[in-house]
Amino acid sequence: MHNNTVDSFLNNLLLFLIFCFPLFVIFGNAAMNISTVAISMIILFRFLNGMKFQLLNNFLLIYLTSLILFIFVNSIFKIDSFELFFKLIGYFRYLFLAIGVYIVLENINKKQISFFLNFNLILILLVGLDIIYQYIFNENIFGFLPGMCDGMSKCSRFSGVFGKELIAGSFMCQIGLLMLFLKMGSKFDITNLFIPILFFFIFLIIIISGERNAFLIFLISIFFISFFKKKFLSFLFITIFLLSCVFILAKKNETINDRFIDLYKGVNIVPNSSLIEKIKENPWSYHYQAAIELFLDKPFSGHGIKSFRVQCKETNIDKKIVSEKNPHRYKGYRACSTHPHNYFLEFLSEQGLMGGLFYLGLFIIVFINIKRKIRIQNEVFLSIAIGSLILAIIFPFKPSGSFLSSYNASLLFYILGFFMHSLKKVK
């Protein structure tokens, strides 16, 4: 009787943590970390008490485990503090987050999944409306101000309830699209007007937020869905429509124009420069050049986890920027940052060639799993859609944050849990 009571409590707690995880993301890193640790402890307790998880035979989970293990082993001898050591151990919590999502989806009923979707769709709606409010009144309902402001006359980033964390567009793109796809289920029903309205609402909030990476994830997701569904004309039509919307909004608003149309305004470092110079001489390129330098310095093993922020100061490109005799050329930008702003280059610089191959392998495995699902089942929209969102997030040739930051890793592995379950459902 006692064991049944404990099991019931743990099941309900796990259900609550997974259902409310998007809300914990809004509360910040502390809430995310506490919830992922709690999820890990629940799953470990259940496993040690004899509960068997069929998911342990899932190849994608095995690969993800191997990836985290590689990062742990490759970095363990390069760290110089207990803080980094505990961070290395803590990265395993992301695997348990994905497992937790899978377990909950295996055991919930239709009424519970309906509550989960409705709760999080309302959450997305409220977050989006708050961003619109901040965009109009220059503060959100809690008094949080926009980011990247030129005095108080013009602000470029709007993050609503996320405050100083400029991640609202990313949240709306990743969690918003995930919930949209789950709501759509196995196929797209154009007669359900809620779907296109929510789709455009998410897109609009991404544009207002000023988050370019989220915009790229949004478009790349549509591309991959169209690719797997062999609907290239649909992709072309949707892309033209969305880009037209951006151009129209940019005509009406200078900040949207600066963020999405005139990308080099404000970072056009070389006056009257050519296109090649613009590509080479900008903050993103400086980060990439530094990452490539670090990779070439230690091509096999890399410099270790979280090393870019320290080692980038020793790169030639950063030294050149610091010692530049014409400061107007670089406008105060550095090659140094907390990360290279690209997942693939982050793996190459910090984990070496093997790390880079591991990262590309993850992209390939997700791609192959989608293709395999298509071959063995007709109605596969959910797997295609969620898998396409993952492919867009980890696409190697776009800007990004840091792969194993609490926010980025938590969202990615949360979505991976839904993807793994969508694959399992085929018999």
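Reply: Accessible areas come from the Shrake-Rupley method with a 1.4 Å probe, and for residues only the protein chains shown count as cover. On that basis the protein exposes about 20,900 Å², of which carbon and sulfur atoms supply 66%. The model is predicted: local features need pLDDT of at least 70, side-chain atom pairs count only at pLDDT 80 or more, and totals for chains, interfaces and linings use all residues. Residues are numbered from 1 along each chain as its sequence is written, and side-chain values use heavy atoms, with hydrogens and water left out.

Me: What makes a stretch count as one of the helices or strands in the protein?

Reply: Helices (H or I, at least four residues) and strands (E, at least two) are DSSP runs, numbered from the N terminus. The protein has 19 helices and two strands.

Me: Why is Leu14 called buried?

Reply: Buried means under 20% relative accessible area, exposed over 50%, and partly exposed in between (1.4 Å probe, protein chains only). Leu14 has a relative accessible area of 5%, and therefore counts as buried. Leu14 belongs to helix H1 (residues 2-19). Contact means heavy atoms within 4.5 Å; leaving aside residues up to four places away in sequence, Leu14 touches Ile39, Ile42, Gly100, Ile103 and Val104. In the protein, buried residues make up 53% of the 427 residues.

Me: Why is Thr338 described as partly exposed?

Reply: Its relative accessible area is 41%, so Thr338 falls in the partly exposed class. Thr338 is placed in the loop between helix H16 (316-322) and helix H17 (343-376). Not counting residues up to four places away in sequence, Thr338 touches Phe308 and Arg309.

Me: Which classes do Asn138 and Lys306 fall into?

Reply: Asn138, at 22% relative accessibility, is partly exposed, whereas Lys306, at 15%, is buried. Asn138 sits in the loop between helix H7 (110-137) and strand S1 (147-150), and its phi is near 65 degrees, a positive value in a residue other than glycine. Lys306 lies in the loop between helix H14 (283-297) and helix H15 (308-311); phi of Lys306 is near 60 degrees, also positive in a residue other than glycine.

Me: How do you know that H8 and H9 are roughly antiparallel?

Reply: Helix H8 (residues 168-184) and helix H9 (residues 194-209) pack at an angle of about 170 degrees, with their axes 9 Å apart. Axes are lines fitted to C-alpha atoms, for helices over the stretch in contact, and angles run from 0 to 180 degrees between N-to-C directions. Angles under 35 degrees count as roughly parallel, over 145 as roughly antiparallel, 65 to 115 as roughly perpendicular and the rest as oblique. H8 and H9 are therefore roughly antiparallel to each other. Their contact includes Met172 and Leu180 of H8 and Phe199 and Ile202 of H9.

Me: What makes a set of residues a nonpolar core?

Reply: A nonpolar core is a set of buried Ala, Val, Leu, Ile, Met, Phe, Trp, Tyr and Cys residues joined through side-chain atoms within 4.5 Å. The largest nonpolar core has 141 residues, and those with the most contacts inside it are Phe171, Met179, Phe181, Ile386 and Tyr414. Met179 touches Pro22, Phe116, Leu117, Asn120, Leu121, Ile124 and Tyr414, not counting residues up to four places away in sequence.
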